[in-house]
Amino acid sequence: MKKVLLGIFVVASLVSCNKGKSVDKLENDDQKASYAFGTGLGEQIKGLGGRLVETDSINYDQLEKGIRDYLKAGKESRESYAIGQQVGQQIETVINQQQLDQMDKEIIVQGIMDVVRHKKLLITQEAGMGILDTYAKNHQQNLVKKNADESKKLVDEKKKTSGAKTTASGLVYVVEKEGTGAKPNINSIVKVKYTGKILATGKTFDSTDKNPEAKGGVEFPLNQVIPGWSEGLQLMSKGSKYKFYIPANLGYGEMGAPGGQIGPNQALEFEVELVDFKEGQPAPQGQPGAQGGQGLSEEQIKELQKQFEAQAQQGK
């Protein structure tokens, strides 16, 4: 549904809103049917807004203007604008995923338009690919070091939080509510509610609270998640609520998470409630998870990301 709605609003403008006419009374069947159609769409939009994560929002003035602009525009204008919106979205996605905030968006657009308008290029496309390749490699190396230094500093600060405890591996946790009874082991399947944030920015990248299908909790094999979770959940009894501050080496490490939501060497913050757990199967020998969650292979990380994405899609 989200993709359908975004298709409707793809020509939403970034300028101030110019509202159209409104009526106080529906005069005929056409108006009544039109209004009913609109209220049905409105309910769908409300549902979409309820599934957004904390860092997202819908500007309803801009949403309204996007609808009106689309309906007023001709076919050629709609198609051209839609292509521009799609390209802009691709640019924004790459910049956000690769943490390339220092890139000049205006010059990016100039480069695009110089090509499509057949202008003389400031650098050849062949030279540009070489420049971009070197730039990306240097940026990645710098980002790995920068994030590692920043993450260490942030986690060290969290060690000073009231009630914070630190394990031998470097995991920092705070008990918000202590449960009772047995604790899961590395081979358990845990059912949890959680919210995950990037420690450096506070940005929520995943939360069961924002997924109607996951409000009762989601299940994971404890030997197939990041080491910080494997270790932290084994400290908890059923009903416990903990806050974890997970250093990069106990999270997604230098590679970051597939999809770019979590960058290289970024520390994480999780609020976790252990709803329940049950016994599962040991991880096959030779896999990292078989030894107490000591890291994940690239294949396991990709599979875990697929699980996250599948759960997120269930609420759409």
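**Figure 1. K145 and D149 sit four residues apart in helix α6, about one turn of the helix.** Helices (H or I, at least four residues) and strands (E, at least two) are DSSP runs, numbered from the N terminus. The two side chains form a salt bridge, with the closest N and O atoms 2.9 Å apart. A salt bridge here is a side-chain nitrogen of Lys or Arg within 4 Å of a carboxyl oxygen of Asp or Glu. K145 is exposed, at 55% relative accessibility, and D149 is partly exposed, at 45%. Buried means under 20% relative accessible area, exposed over 50%, and partly exposed in between (1.4 Å probe, protein chains only). The model is predicted: local features need pLDDT of at least 70, side-chain atom pairs count only at pLDDT 80 or more, and totals for chains, interfaces and linings use all residues. Residues are numbered from 1 along each chain as its sequence is written, and side-chain values use heavy atoms, leaving out hydrogens and water.

**Figure 2. K137 and D133 form a salt bridge (3.4 Å, N to O).** Both residues belong to helix α6 (residues 125-158), where they are four residues apart, or about one helical turn. K137 is exposed, with a relative accessible area of 51%. D133 is partly exposed, at 40%.

**Figure 3. A salt bridge joins E92 and K105.** The closest N and O atoms are 3.1 Å apart. E92 lies in helix α4 (residues 75-97) and K105 in helix α5 (residues 105-116), so the pair ties together parts that are 13 residues apart in sequence. E92 is partly exposed, with a relative accessible area of 32%, and K105 is also partly exposed, at 41%.

**Figure 4. A network of salt bridges links E176, K243, E269 and E271.** The structure holds twelve salt bridges. Side chains of opposite charge can pair when their charged atoms come close.

**Figure 5. The largest nonpolar core has 27 residues.** A nonpolar core is a set of buried Ala, Val, Leu, Ile, Met, Phe, Trp, Tyr and Cys residues joined through side-chain atoms within 4.5 Å. V192, W229, F244 and F270 touch the most other members. At least two core residues come from each of β3 (188-198), β5 (218-221), α7 (227-233), β6 (241-246) and β7 (268-279). A second, separate core has six residues, among them V155, V174, L199 and Y245.

**Figure 6. Contacts of F244, leaving aside its neighbours within four places in sequence.** Contact means heavy atoms within 4.5 Å. The partners of F244 are L171, V172, Y173, G232, L233, M236, L268, E269, F270 and V272.
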